[in-house]
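Please look over the sequence and the structure shown here before reading the points below. They are meant for someone meeting this chain for the first time.

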Amino acid sequence: MRRRIAKKRQALEEALSIARDDVLLQLLWALNVLQSEFRPSSFARYFQRLPPEAVRAKIGQPHFGLKWEIENLILLLLSTPKQRHTSLRDFDYYSFDTAAHFLNLIKRVDETEEVYLLHTYGIDNAMQKLAHKQFFWQRPLLQIERLYRYYYVYGQGECAAYFQDRYGISIEEFAITCIALSMQFSMDAWQAPRLPPELVPPTVVNRAISMISKDIEDMRRLTRDRITTMVVNNSAKLAFLPSTLRQHPVISSKALNGRMIAPLPQLLVFRATAGLYYDLSSGPQKLLEEANRRFEEYGRKLIEARCPRFEIVPEQQFGTKANPYKTPDLLLKDEGRIKVAFECKATKLTFAAQYSDNPYAEANGAFAQIAKGMAQLWRFFSRARRKLYEKEVVDSNAYGVVLTMDTWFHLARTQLPHLFQAAEALVADEPDVQPQDKRSIIFCSIDELDEVLAVSDEDELLETLRKSQLPEFAGWSLNNVRQPAGAEPLERRAYPFKIAEVLPLWEAIKNGP
């Protein structure tokens, strides 16, 4: 198996080692925008040979280039050492067949490695790693819901002030610039991006670009170093390549007079939403504490807006002066009883942990927050049963939910035992915690909860939580429990909030630069 992998990897790397970076990046850019929501000015200058079936092809169709495979191919292109080009016949960088050739090379390696990955890591661990790379591409990026959520949580208060002090532009200016640039970079490949000055001042554009771009030679070094560091001793690393493009989605070239390309313009939106965490996580701890408070506020606000029958009770203090306690972050009250208890965790896995052979060890602090959430819920159920908490009646079958800002892809079974042990250690000093208090906890991202709430009333939400506890739905995301793949689409209600509440400049950009 290792020989087969090595042989196919060698064929791929040999092709990449003689490929011209600038025009292959341009070809892959063209393939991506050809099969996306973007509308470039013209494809004629990028494809001299293009089968009509490839135009606007969708996932699952033969001529569709999988976005995560294009991303991996670009990362390998940037990290593969170059050889002197001795071939008399270069690749045709204006042919769809050339893009297909490279993607087929990477697909062959992927398929060969897949057997090895499943045998080495097990299906749960392997799927979790693959999910970090692939699921991101299977959802729309420029969603009002995503923008509102990230800027409600990260775009206000001390978080916004820290961002302004660190980068010299406001977090809102950064958002609008990245969104406008994603549209600009979808129009042409290598270019000198210019945005209308009445939309975004040139000084703001320059500062934003300095944050999200790197010269191609610097990008090659960074990509090579990150892959080497993060996947050391991982012989089957192709499917798990850590993506420098998600941090620096724009590449510049001195050889092309400083012109730039965003090979995957969609990643500019990622950088301006989920990527904000990494700008703030390097700052004072109080920033993430503030973000977590806003995350709790957003969860309460969202549930109340979608399900007005429910009353959402925020964190309360109870107990005595000698033994003060707190309830979970959010308590969902219905028909006079607490039906759901939420612990909200805005903690995010680092890039390293997402693709590590041992994510639990790589991001022990992040996983500790999840274990803490489990322990907090168990303690609360125990205290409610023992009548230490009597402000509200807690249903004996109340659900415990750890609500996260980003998807953790249902914590592979290899990590759940660690989390359970850590949570048990945390409640060891709590008297009389019974097995019924240590109930199964639902792990759910706010994105998944939003998807469920958009298509559910109050009873349907509670029914979805109930079903998620059944053996046949073990490991399913909450939104897939509500709406399994292949089922008839459910009617989706309009998002209840206005984006201008958190991004007032949105009105200026929604129709494009």
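The briefing below takes up one pair of helices and then two single residues.

This is a predicted model. Two packed helices are described by the angle between their axes and the distance between the axes.

**Helices H2 and H3**

- Helix H2, which covers residues 21-34, packs with helix H3, which covers residues 67-79, at an angle of about 170 degrees and with the axes 11 Å apart.
- Because angles over 145 degrees count as roughly antiparallel, H2 is described as roughly antiparallel to H3.
- On the H2 side the contact is made by Asp21, Leu24, Leu25, Leu28, Leu31 and Asn32, which meet Lys67, Ile70, Leu73, Ile74 and Leu77 of H3.
- Sorted by type, the residues of this contact between H2 and H3 comprise 8 nonpolar, 1 polar and 2 charged.

**Ala305 in helix H12**

- Ala305 lies in helix H12, residues 285-306, and with a relative accessibility of 35% Ala305 counts as partly exposed.
- Leaving aside residues up to four places away in sequence, Ala305 touches Pro496 and Phe497.
- Although 191 residues separate Ala305 from Pro496 in sequence, their C-alpha atoms are 6.6 Å apart in space.

**Phe420 in helix H16**

- Phe420 belongs to helix H16, residues 416-426, and its relative accessibility of 36% places Phe420 in the partly exposed class.
- When residues up to four places away in sequence are not counted, Phe420 touches Met374 and Trp378.
- Phe420 and Met374 are 46 residues apart in sequence, while the distance between their C-alpha atoms is 8.0 Å.

Key
Residues are numbered from 1 along each chain as its sequence is written. This is a predicted model: local features need pLDDT of at least 70, side-chain atom pairs count only at pLDDT 80 or more; totals for chains, interfaces and linings use all residues. Side-chain values use heavy atoms; hydrogens and water are left out. Axes are lines fitted to C-alpha atoms, for helices over the stretch in contact, and angles run from 0 to 180 degrees between N-to-C directions. Helices (H or I, at least four residues) and strands (E, at least two) are DSSP runs, numbered from the N terminus. Angles under 35 degrees count as roughly parallel, over 145 as roughly antiparallel, 65 to 115 as roughly perpendicular and the rest as oblique. Contact means heavy atoms within 4.5 Å. Ala, Val, Leu, Ile, Met, Phe, Trp, Tyr, Cys and Pro count as nonpolar, Asp, Glu, Lys and Arg as charged, and the others, Gly among them, as polar. Buried means under 20% relative accessible area, exposed over 50%, partly exposed in between (1.4 Å probe, protein chains only).
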